Amino acid sequence: MTTTIPRPAETQPGSTQLADTAVAIESVSKTFRLPRQQYSTLKERALHPFRSTEYDELRAVRDISVDIAEGEFFGIVGRNGSGKSTLLKCVAGIYGVQSGRIAIAGRLSPFIELGVGFNPDLTARDNVIINAIMLGISRRQARERFDHVLAFAELEEFVDLKLKNYSSGMLVRLAFATALEVDADIFLIDEVLAVGDAAFQQKCFEEFFRLKREGKTIVFVSHDMFSVERFCDRAMLMERGEMIEIGPPPEIARAYHKLNFGELPHEQADQPSPDHGTAITAAWFENSTGERVTSTSREEALSMCFEVRLQEELLDPVFAATLRNELGHTIVVARSDQHGALSGSFRSGETLTVRFGMPNWLSASRYTLTPSVAREGTGADALALVEDMASVMIHGGATGGILELPMNIRIDRT
Amino acid sequence: MSASAQVPVPAGRRTPSRHMHGPSALGGDLRRFWALTFTLARTEFKLRFFGSALGYVWTLVRPLLFFGVLWLFFTKVAHVNNKKGPAEDFYGAQLLASIVLFTFFSEATSGSVRSVVDRENLVRKIHFPRMVIPLSVVLLGVFNLTLNLIVVAIFALSAGVHPMLSWLELPLIIGFLVVFVAGVSMLLSALFVHFRDIQPIWEVTCQILLYASPVIISVVTIKDKVSSTLLHLYMLNPLASSFQQFRHAFITHATPSAGQALGSWAALAAPIAIVLVTFIAGFLVFNRAAVRIAENL
């Protein structure tokens with residue numbers, strides 16, 4: 001399995017050996033009892049003393065078993081209501097489980113969301129200390145680490161500002177910085193990186209890698225396939241409380257998109273496996289100077305690139321690159337046979353690099369590249385296709401449109 | 001390439017030993033329990049203290065105003081307690097002391113009714129011992145009580161009360177009251193999750209208790225009006241016995257002690273038993289509810 005984004009310092013010494021289990025989830029189920037008629041007052045209870053309450057059972061988590069290794073970055077993905085947060089809360093001990101068991105080795109972070117318990121009427125200083133105590137640090141330790149927290153969040157100048165005057169991005173920075181001070185071996189995180197500017201996100205990513213290097217285990221619940229693919233060693237897809245798939249993040253991300261958007265237009269049922277036949281071995285984005293980039297600013301020319309290893313002789317194959325935005329909308333489909341151009345003939349065993357250069361008019365967002373190779377013709381006879389193989393973050397102001405096209409603006413008085 | 005994605009995670013060379021139990025009332029770590037309770041109470045205290053221009057003054061204004069009205073009414077208008085005998089010495093100080101104690105009781109218990117529900121976001125997002133929440137409300141009440149008692153002491157001393165050896169009893173009496181308040185608070189906060197009309201019910205109960213305790217009407221006045229059996233019943237109320245003992249020990253020995261009002265010292269075992277039963281019942285009910293509190297909110 002190839003991942004496209006370089007993962008800095010990811011090869012930990014332990015990763016080749018068998019790792020210890022940090023979290024063992026054994027056939028865990030969780031059912032919520034939802035009363036059909038809620039008696040929420042004593043009066044009602046007194047008026048209907050013998051009417052037993054009927055319950056609807058909502059099986060939020062059904063028989064899930066998974067072992068999460070020490071030092072593993074484990075992603076749980078799924079749509080809203082799929083039970084992923086409930087599972088996380090069971091692991092955190094916020095909910096008790098119905099059946100099955102959960103065993104933990106090491107210290108578990110007690111929170112699942114950042115900034116829980118922040119009080120808008122208190123200053124950053126007070127909030128950080130209170131939050132740290134809530135998360136299990138002693139008051140003295142909290143005081144000692146306070147400067148570090150503020151420095152990491154880059155909020156030193158706002159230390160005595162009340163939180164209600166903070167922007168949401170500043171809040172997230174503060175919350176994240178505080179959470180990192182918790183002494184835990186296992187972190188449980190529910191949707192964290194949605195806010196914050198690009199620079200801070202980058203910092204959070206680096207911090208995640210640092211945690212990973214230190215051998216911390218992280219269980220991460222997200223909708224954001226980009227971060228799941230970028231960080232997670234393994235991921236699990238949940239739907240209606242059940243585990244649908246578990247495996248390498250790119251595959252899970254693909255399954256997730258499938259679940260959300262149905263079958264994708266390019267997808268072929270009988271896709272040749274990458275080990276035989278023609279395969280796409282890598283995909284990436286390049287800037288105008290030919291450097292590989294994972295983030296770039298708008299207006300700098302961008303190329304969608306991928307590498308293909310051919311295993312058969314091909315005449316005029318169709319290379320295509322599909323660019324999708326965060327929401328899964330297809331923004332651009334570039335084909336090598338555009339305008340009737342032919343790609344030529346290729347021998348078996350050749351390795352090709354295909355580049356689609358374009359002016360970058362994309363609005364600020366995260367984009368993914370889906371490269372594909374097909375036999376000559378309509379492009380339907382696909383030889384290889386890898387969904388969302390590479391991604392790039394485009395920075396710059398967003399107007400709200402999908403594209404930021406160059407405009408000739410003219411205002412005439414009539 | 002991510003190695004651990006390929007390698008099937010082994011069943012574990014070292015199996016995780018610690019089992020994750022669901023949420024609990026107390027949790028395993030008493031130091032964390034205390035740190036959390038103290039922090040929550042301290043935060044609330046700070047918010048009240050610094051939240052407004054007059055801060056602490058507001059906490060005091062209510063009992064003081066109430067005191068002022070009652071004092072004026074009873075001493076100047078109704079003449080109910082106007083120097084009937086030595087037991088009514090320092091009537092003002094006695095009245096103020098009782099009002100401050102009652103304020104502690106009613107604020108702490110009423111404050112804890114909604115406490116767990118109001119802190120929903122904590123309960124649903126962080127694993128921590130649930131009992132911290134009602135107990136932090138009680139602790140906040142203790143902070144306020146301590147400050148208010150200083151005011152009571154100043155008032156009493158300036159009214160001519162002399163320091164007595166029996167002041168050493170005061171921590172015991174307050175401790176007795178705190179245990180009672182904690183029991184009631186745990187009970188109410190756990191019940192409120194299921195029964196939302198606990199709140200108005202409790203407000204009314206507090207009103208009744210105000211008159212069922214020696215706050216406005218002193219024990220001496222009651223003694224003259226009712227049979228001794230009825231007085232003994234009245235004194236079974238832990239508020240009545242603790243307030244009366246407080247008045248006796250702190251202000252003047254001329255007013256009967258709780259033991260005297262109950263008939264004998266041994267009879268004090270009854271209100272003590274009521275307090276202990278309340279505390280244990282509150283603890284058990286909360287403990288039982290704690291497991292599912294996050295789901296039932």
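How many of the five residues of strand β5 (residues 186–190) of chain A are buried? Five of five, so to speak a mostly covered strand; the rest of my notes follow.

1. Ground rules. This is a predicted model, where local features need a pLDDT of at least 70, side-chain atom pairs count only at pLDDT 80 or more, and totals for chains, interfaces and linings use all residues. Residues are numbered from 1 along each chain as its sequence is written, chains are lettered from A and ligands numbered from 1 in the order in which they are written, and side-chain values use heavy atoms, with hydrogens and water left out.

2. Confidence. The predictor gives the complex an ipTM of 0.73 and a pTM of 0.70. Chain B has an average pLDDT (the predictor's confidence in each residue, from 0 to 100) of 83, and 86% of its residues score at least 70. Within chain B, helix α8 (residues 170–194) has the highest mean at 93, while helix α1 (residues 3–6) has the lowest at 39. Helices here are DSSP runs of H or I with at least four residues, strands are runs of E with at least two, and both are numbered from the N terminus.

3. A contact means heavy atoms within 4.5 Å. Where pLDDT is low, the predicted coordinates should not be read in detail.

4. The two chains in numbers. Chain A has eight helices and 20 strands; chain B comes to 15 helices and one strand. Of the 414 residues of chain A, 51% count as buried, and for the 297 residues of chain B the figure is 51%. Buried means under 20% relative accessible area, exposed over 50%, and partly exposed in between (1.4 Å probe, protein chains only). Chain A exposes about 19200 Å², with 49% of it from carbon and sulfur atoms; chain B has about 13500 Å², with 69% from carbon and sulfur. These areas come from the Shrake-Rupley method with a 1.4 Å probe, and for residues only the protein chains shown count as cover. Among contacts with a separation of 6 or more, residues 24 or more positions apart account for 72% in chain A and 80% in chain B.

5. Domains of chain A. The assignment gives domain 1 (5–37 + 55–261) and domain 2 (279–395), with bounds from an automatic or database domain assignment. Their C-alpha centres lie 33 Å apart.

6. Cores. A nonpolar core is a set of buried Ala, Val, Leu, Ile, Met, Phe, Trp, Tyr and Cys residues joined through side-chain atoms within 4.5 Å. The largest has 154 residues, and Val23(A), Leu174(A), Leu188(A), Phe105(B) and Phe246(B) touch the most other members. Helix α8(B) gives the most to this core, with 14 residues. Apart from it lies another core of 30 residues, among them Leu302(A), Val308(A), Leu323(A) and Val392(A).

7. Back to β5(A). Both faces are covered: Ile186(A), Leu188(A) and Asp190(A) are buried on one side, Phe187(A) and Ile189(A) on the other. β5(A) pairs in the parallel sense with strand β6 (residues 217–222) of chain A over five bridges, and Asp190(A) has Val221(A) as its bridge partner. Pairing requires at least two DSSP bridges between the strands. Val23(A) has Ile186(A) among its contacts, leaving aside neighbours within four places in sequence.

8. Helix α3(A) and the loop before it. Ten of the eleven residues of α3 (residues 124–134) of chain A are buried, so the helix is largely enclosed by the rest of the structure. After α3(A) comes Gly136(A), with a positive phi near 105°. Thr123(A) sits in the loop between β4 (99–104) and α3 of chain A and is buried, at a relative accessible area of 16%. Thr123(A) and Lys162(A) are 39 residues apart in sequence, yet 4.0 Å apart C-alpha to C-alpha.

9. An open sheet. Four strands of chain A run in the order β10-β9-β12-β17, with antiparallel pairing. β10 (292–293) and β17 (351–358) stand at the edges with a single partner strand each, so one side of each is left without a neighbour in the sheet. Strand β9 (residues 279–287) of chain A pairs with β10(A) over two bridges; Glu286(A) has Arg292(A) as its bridge partner there.
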